[in-house]
Amino acid sequence: MTVFYCAKCAIALTGDLEALPTVPDIGDPDDGRDEETRRARSTVPRGYYAIDPDPWGTPFGPAAASSQHTRSTGRELLRLATLTPSASAGPRDSVIVHPDDVMPRLAPFTCGDNWTGCCGPTGAHGPNLACACGSRLATWAADCLGPNELHLDPVRVYGWHQG
């Protein structure tokens, strides 16, 4: 089991979580969508975490020509601000957790467009959740048009494996 902590103040951000071998396939995002909030079910089930080996989140850069024609996984961030094909140049190895596993310990950090979305945050504008110490260390993407994922920044958090 692993507990994740804020690298700035060392407060526990999660309880004990079990590692998944890979990031789960989201399948049909409308399967299991909450009727009231319009949010998709979380990519990672409660009590678990997965390490995302791909770049995720801000900043964004021009998409390589070869990646412009690849199949969508459904886990891309919604990017309405630009029509130019772009790809994440964000950190690799972010920790994906179920939102309910950290939400009691993190507070929304709303600044500018980082909470934009019609039914929830898109996550396309950078970290939107902060630790009590003020460290902006997580990005939650939960708008109705995309996945429901909460990514912990691999530089601003650390995990401690317990037995």
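This report describes the strands, the core, the aromatic pairs and the chain ends of one predicted protein model.

## Overall composition

The protein chain contains zero helices and 11 strands. Read along the sequence, its pattern is therefore written as β-β-β-β-β-β-β-β-β-β-β, where each strand is a run assigned by DSSP.

Of the 163 residues in the protein chain, 39% are buried. The chain exposes about 8,800 Å², and carbon and sulfur atoms supply 54% of that area. Among contacts between residues at least 6 apart in sequence, 65% join residues at least 24 apart.

## The seven-stranded sheet

Seven strands form an open sheet with mixed pairing, in the order β2-β3-β6-β10-β9-β8-β7.

## The nonpolar core

The largest nonpolar core comprises 18 residues. The residues with the most contacts inside this core are L13, V97, L106, L137, A138, L150 and L152. Two or more core residues come from each of β1, β6 (94-97), β9 and β10 (149-152). The largest share, three residues, is given by β9.

A138 illustrates how these parts meet. Leaving aside residues up to four places away in sequence, A138 touches L106, P127, N128, L129, L150, H151 and L152.

## Two aromatic pairs

The model has two aromatic pairs. In the pair of F4 and Y49, the ring centres are 4.9 Å apart and the planes stand at 80°, so the arrangement is edge-to-face. This pair links distant parts of the chain, since F4 belongs to strand β1 (residues 2-6) and Y49 to strand β3 (residues 48-52), 45 residues apart. F4 is buried, with a relative accessible area of 5%. Y49 also counts as buried, at 12% relative accessibility.

The other pair, Y5 and Y158, is stacked: the distance is 5.4 Å centre to centre, with 20° between the planes. Y5 lies in strand β1 and Y158 in strand β11 (residues 157-161), so the pair ties together parts that are 153 residues apart in sequence. Y5 is buried because its relative accessible area is 17%, which falls under the 20% limit. Y158 has a relative accessible area of 35% and is partly exposed.

## Where the chain ends meet

H161 is placed in strand β11. This residue is exposed, with a relative accessible area of 56%. Although H161 and M1 are 160 residues apart along the chain, their C-alpha atoms are separated by 5.8 Å.

Not counting residues up to four places away in sequence, H161 touches M1 and T2. A polar atom of the H161 side chain lies 3.4 Å from the backbone oxygen of M1.

Methods:
Residues are numbered from 1 along each chain as its sequence is written. This is a predicted model: local features need pLDDT of at least 70, side-chain atom pairs count only at pLDDT 80 or more; totals for chains, interfaces and linings use all residues. Side-chain values use heavy atoms; hydrogens and water are left out. Two strands pair if DSSP finds at least two bridges between them. Helices (H or I, at least four residues) and strands (E, at least two) are DSSP runs, numbered from the N terminus. Rings of Phe, Tyr and Trp (its six-membered ring) pair if their centres lie within 6.5 Å; planes under 30 degrees apart count as stacked, over 60 as edge-to-face and the rest as tilted. Buried means under 20% relative accessible area, exposed over 50%, partly exposed in between (1.4 Å probe, protein chains only). A nonpolar core is a set of buried Ala, Val, Leu, Ile, Met, Phe, Trp, Tyr and Cys residues joined through side-chain atoms within 4.5 Å. Contact means heavy atoms within 4.5 Å. Accessible areas come from the Shrake-Rupley method with a 1.4 Å probe; for residues, only the protein chains shown count as cover. A polar contact is a pair of N or O atoms within 3.5 Å; within protein, one must be able to donate a hydrogen and the other to accept it, and residues adjacent in sequence count only if both atoms are side-chain atoms.
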